[in-house]
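Subject: Structure handover

Hello,

Here is the structure I promised to pass on. My notes on it follow below; please read them with the model open.

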Amino acid sequence: MEHILKGINLNKTFGTKDRNIQALKDVDFYIDEGELLGIAGESGSGKSTLLNVMSGLIRPDSGELFYREQEYTGKGPSQTGKFLQMIFQDAKNSFDPRFTMERSLLESRRKKTDRDALCGILKEVGLDEKLLKRKASELSGGQCQRMSIARALYSEADILLCDEITSALDVSSQAQVVGILKRLNTERKLTAVFVSHDIALLSMLCSRIMVMKDGIEVEQGVVEDIVRRPKHEYTKLLIESARKQSL
Ligand SMILES: Nc1ncnc2c1ncn2[C@@H]1O[C@H](COP(=O)(O)OP(=O)(O)OP(=O)(O)O)[C@@H](O)[C@H]1O
Ligand SMILES: [Mg+2]
């Protein structure tokens, strides 16, 4: 089967004053259409770097990227924005503070403005269209995060790349966002990648999980295998610490 997104042998090193940090080492990934893929790993393991490489925000030092078999290595967000959209932890700062939500969302779409489609999407993410008149600073964190999901859907990107999008939210808003994404996946075959340090959250949301440590892909597999039969000590540790936190 054709993968909707695929990366082969991705490497990325960051040079800092005192040393070089290899944030990605020979990482491979794939995502199938309609799949929710989770990327787990502790802080500094390379999760955001991988997502930024997938999205074209960061150029890999080597390796190749494909969208539906078409290579897009080296293409930046102005090109990749046609098929994927990033959603960030800090939703408020991802909107221009001067603009109303209406302006921000309408401008995210290259095609003709379709207000009915926009209102339909707002309904899907559980937001009142009255909120379109507000600016980011006038929304709650949870509302803002749902607006950024609505913006990505309205832009008609095929794939959502989500970096710790529930980390800044309280537990009930977190559950709401997770519920919305799961429903969108069931109802409209949403394809998305979720980066989180919280493997428990990923196992509720995703069908497959990839585990990262020090820039290396430690293991990947369907959720049941990763959670019930982890092969690596590191994955066991992540699961164990998630269990402890939920007690
Ligand atoms: N622009 C940069 N310049 C230098 N080093 C960087 C840069 N971006 C990331 N790094 C380093 O690369 C490594 C991977 O960082 P990355 O942000 O991908 O981790 P992460 O898994 O997303 O962590 P977190 O869970 O804390 O967000 C870290 O050691 C980080 O310090
Ligand atoms: Mg990160």
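A helix axis here is a line fitted to C-alpha atoms over the stretch in contact, and an angle runs from 0 to 180 degrees between N-to-C directions. Helices (H or I, at least four residues) and strands (E, at least two) are DSSP runs numbered from the N terminus.

This is a predicted model, in which local features need pLDDT of at least 70 and side-chain atom pairs count only at pLDDT 80 or more, while totals for chains, interfaces and linings use all residues. Residues are numbered from 1 along each chain as its sequence is written, and chains are lettered from A and ligands numbered from 1 in the order in which they are written.

Helix packing

Two packed helices are described by the angle between their axes and the distance between the axes. The axes of helix α4 (residues 115–124) and α5 cross at roughly 140° and come within 9 Å. That angle makes α4 oblique to α5; angles under 35 degrees count as roughly parallel, over 145 as roughly antiparallel, 65 to 115 as roughly perpendicular, and the rest as oblique. The crossing of α4 and α5 is right-handed, a term used if the near helix is turned clockwise from the far one by less than a right angle (anticlockwise is left-handed). On the α4 side the meeting residues are Ala117, Leu118, Ile121 and Leu122, and on the α5 side Ala150, Leu153 and Tyr154. By class, this contact of α4 with α5 has seven nonpolar, no polar and no charged residues. For the classes, Ala, Val, Leu, Ile, Met, Phe, Trp, Tyr, Cys and Pro count as nonpolar, Asp, Glu, Lys and Arg as charged, and the others, Gly among them, as polar. Two residues are in contact if their C-beta atoms, placed from the backbone, lie within 7 Å.

Helix α5 (residues 141–154) also packs with helix α6 (residues 171–188), at an angle of about 15° and with the axes 10 Å apart. That makes α5 roughly parallel to α6. The crossing of α5 and α6 is right-handed. Gly141, Gly142, Gln145, Arg146 and Ile149 of α5 make the contact with Ser173, Gln176, Val177 and Ile180 of α6. This contact of α5 with α6 divides into three nonpolar, five polar and one charged residues.

The chain as a whole

The chain has nine helices and ten strands. Its radius of gyration is 18 Å, close to the 18 Å that the globule rule gives for 247 residues, so the chain is as compact as a globular protein of that length. The radius is taken over C-alpha atoms, and the rule is 2.2 Å times the number of residues to the power 0.38. Along the principal axes, the C-alpha atoms fill a box of roughly 50 × 45 × 45 Å. Of the 247 residues, 40% count as buried. A residue is buried if 20 or more other C-beta atoms, placed from the backbone, lie within 10 Å of its own, exposed if 12 or fewer, and partly exposed in between. Of the contacts with a separation of 6 or more, 66% come from residues 24 or more positions apart.

Buried places

Helix α1 (residues 47–55) has eight of its nine residues buried, so α1 is largely enclosed by the rest of the structure. Among the buried residues of α1 are Leu50, Leu51, Val53 and Met54. Gly56 follows α1 and has a positive phi, near 90°.

Thr80, in helix α2 (residues 77–80), has 21 C-beta neighbours inside 10 Å and therefore counts as buried. Leaving aside neighbours within four places in sequence, Thr80 is in contact with Ser55, Gly56, Tyr72 and Lys75. Met54 is 26 residues from Thr80 along the chain, and their C-alpha atoms are separated by 9.1 Å.

Cys206 is found in the loop between α7 (199–205) and β9 (208–213). Cys206 counts as buried because it has 26 C-beta neighbours inside 10 Å. Not counting residues up to four places away in sequence, Cys206 touches Leu36, Leu37, Gly38, Phe194 and Val223.

Backbone points to look at

Asp26, in strand β2 (residues 20–31), is not a glycine but has a positive phi of about 45°. Glu164, in the loop between β7 (159–163) and α6, is not a glycine either and has a positive phi of about 50°.

Regards
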